[in-house]
Structures are given as C-alpha cells and as structure tokens.
Amino acid sequence: RYSVLYFASFVSLLTIITLSLLSRAFGNWSMPTYVAATVLVVAFLVEKRWMKYLKVAIIINVVMSLGLVYHYHDFFKLFNIEMTGKLDPQKRIRGWDELAREVKPVLDQYPDYPLLCSDRTTMAQLIYNIKPHPFNAKFINADGYVENQYELKIDLEKNTGDSFVYISRSENIDGVAKYFESYEKIRDFEIRIHRDYALNYYAYKVENFKGYSH
C-alpha cells in the first residue's frame, strides 16, 4: 500500500541529491518529495496508532511556521535585539522590491533600452518585482553554456546593434562592456538591509551590441 508513496518520495529526493553532487541543485527542487512524504508519514503514524506523536508533530510545525518563520524578525524587535546579516536567514530574499523601485525610474528614463542582466537571481528578482513586468529583458550568455532558463530561451545574438540598461552586481563590467561599442554608468544602488548587509548594484547604459565574437 505504501509502494507508490515510497516511490514518489524517495526517488525524487535521491534524484535531486544525486544532481546536487554532480552539479548543483536548488532547495525548491526537492519540494515534490514532501507532497508524498507528508501523506506517507501521517499514514504510518495513524496505522501504528501513534496519534500523540502526530499531534505533537502538527503543533511543532504550526508553531515553527507561524512563529519562527513568519514572525522571526518580530521576535528580535520584541526583545530589542539588533538584527544583523549573520542572524537573518531570510536576508537573501529581502530588499528586492526596494531595488526594483529604484531601478524602475532608470528604465523609464530609457524606454527604448530593455533591461539586461548577467546573473539568474538578479534577472528573476527584477522581472518579478518591477511593475509592469519587463518581460522583454535580455540575458548575457557569452560562453553559450546553458545553466538556467534565461540562457536557454534568450539568444542575444539576435539583438546585434541594440542598446540596453545593464544592471550589474559588480562595478567593474569590462567583461560585458567589450561586447558593446560604448557604455556609461547611470547610477549606483545601495539597499541597506542590515548594518552589515546590503544589496549593492550598478546601472549602466550599454550601447550597440556587437555580438559575442567581437
């Protein structure tokens, strides 16, 4: 009776573990495992008549999810403890909405210059948080090696001669600028999350894409 649940739980989990050892994997890729695994664990506890353990597990999960996950920062405020980058497990998902609000006026200033990025996280966060969504954004993939969906779907070689607003994590963009006839820094962004942690980005106007062969 448990065969399908075991299969759905452990095969997907082992697949992601193997992939992570060979290359890299993201945490959310293992999420389908928990759909079947949750049913499997509950069925096992009910069959063994270990209802007290099931009740304890439910209480712990509710307290953990509602208390520690959603109100993690409120606990620090309640006890007047300064939150820092080292103490904040959610720091990597914070500040992107504010960065998007800062980038939006730059894109509005250059309406004929689509957004250009060179790393997956920046691309995904800006497309999601900027309103209206800049679905015409482009992605740099000079080596042609596909590591994410943007590199798979976007071929910048089709945009020879086009100009862009390039948002970069690094102030030094020589590795990207060489593919364009000219570039100019527009502004810097610093989104302060904590005293010891911030999102630092740079906006450049890069003009006349020459292609990767130049």
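Visitor: Where does P132 lie?

Guide: P132 is in the loop between α6 (120-129) and β2 (138-139). This is a predicted model. The peptide bond from K131 to P132 is cis, with omega near -10 degrees.

Visitor: What does K131 lie over?

Guide: K131 lies over the face of Y128, at 5.3 Å from the ring centre. The distance cut-off for a charge over a ring is 6 Å. R120 is placed over the face of F26, at 4.1 Å from that ring centre.

Visitor: What makes F26 and W29 an edge-to-face pair?

Guide: The structure holds 14 aromatic pairs. In one of them, the ring centres of F26 and W29 are 5.3 Å apart and the planes stand at 75 degrees. Pairing needs centres within 6.5 Å, and edge-to-face needs planes over 60 degrees apart. The pair therefore counts as edge-to-face.

Visitor: Why is W50 with Y53 called edge-to-face?

Guide: The centres are 5.9 Å apart, with 80 degrees between the planes. The limits are within 6.5 Å and over 60 degrees, so the label edge-to-face applies.

Visitor: Why do F26 and W29 count as partly exposed?

Guide: F26 has 25% relative accessibility. W29 has 36%. Buried means under 20% and exposed means over 50%, with partly exposed in between. Both values fall in between, so F26 and W29 are partly exposed.

Visitor: What are the relative accessible areas of W50 and Y53?

Guide: W50 has 39%. Y53 has 47%. W50 is therefore partly exposed, and so is Y53.

Visitor: How do you know that F164 is buried or exposed?

Guide: F164 has 1% relative accessibility. Buried means under 20%. F164 therefore counts as buried. The place of F164 is in strand β3 (residues 164-168). Beyond its neighbours up to four places away in sequence, F164 touches residues including Y113, L156, F180 and F209. F164 also forms one aromatic cluster with Y179, F180, F209 and Y212.

Visitor: How do you know whether helix α2 has its expected span?

Guide: Helix α2 (residues 31-47) has 17 residues. From first C-alpha to last it reaches 25 Å, close to the 24 Å expected at 1.5 Å a residue. α2 also bends, by about 30 degrees at A37.

Visitor: Which residues of α2 are buried, and what covers them?

Guide: T33, A36, A37, L40 and L45 are buried. The cover includes α1 (3-22) and α3 (51-69).

Visitor: Why is T33 called buried?

Guide: T33 has 5% relative accessibility, and buried means under 20%, so T33 counts as buried. Leaving aside neighbours within four places in sequence, T33 is in contact with A8, S9, S12 and L13. The side chains of T33 and S12 make a polar contact at 2.7 Å. The cut-off for a polar contact is 3.5 Å.

Visitor: What is the phi of R49?

Guide: R49 has a positive phi of about 60 degrees, although R49 is not a glycine. R49 is in the loop between α2 and α3.

Visitor: What is the phi of N80, and why is N80 called exposed?

Guide: Phi of N80 is near 55 degrees, a positive value in a residue other than glycine. N80 lies in the loop between α4 (72-78) and α5 (96-109). The relative accessible area is 71%, and exposed means over 50%, so N80 is exposed.

Methods
Residues are numbered from 1 along each chain as its sequence is written. This is a predicted model: local features need pLDDT of at least 70, side-chain atom pairs count only at pLDDT 80 or more; totals for chains, interfaces and linings use all residues. Side-chain values use heavy atoms; hydrogens and water are left out. Rings of Phe, Tyr and Trp (its six-membered ring) pair if their centres lie within 6.5 Å; planes under 30 degrees apart count as stacked, over 60 as edge-to-face and the rest as tilted. Buried means under 20% relative accessible area, exposed over 50%, partly exposed in between (1.4 Å probe, protein chains only). A charge sits over a ring if NZ of Lys or CZ of Arg is within 6 Å of the ring centre and within 35 degrees of the ring normal. Helices (H or I, at least four residues) and strands (E, at least two) are DSSP runs, numbered from the N terminus. The expected span of a helix is 1.5 Å times one less than its number of residues. The bend at a residue is the angle between axes fitted to the seven residues ending there and the seven starting there. Contact means heavy atoms within 4.5 Å. A polar contact is a pair of N or O atoms within 3.5 Å; within protein, one must be able to donate a hydrogen and the other to accept it, and residues adjacent in sequence count only if both atoms are side-chain atoms.
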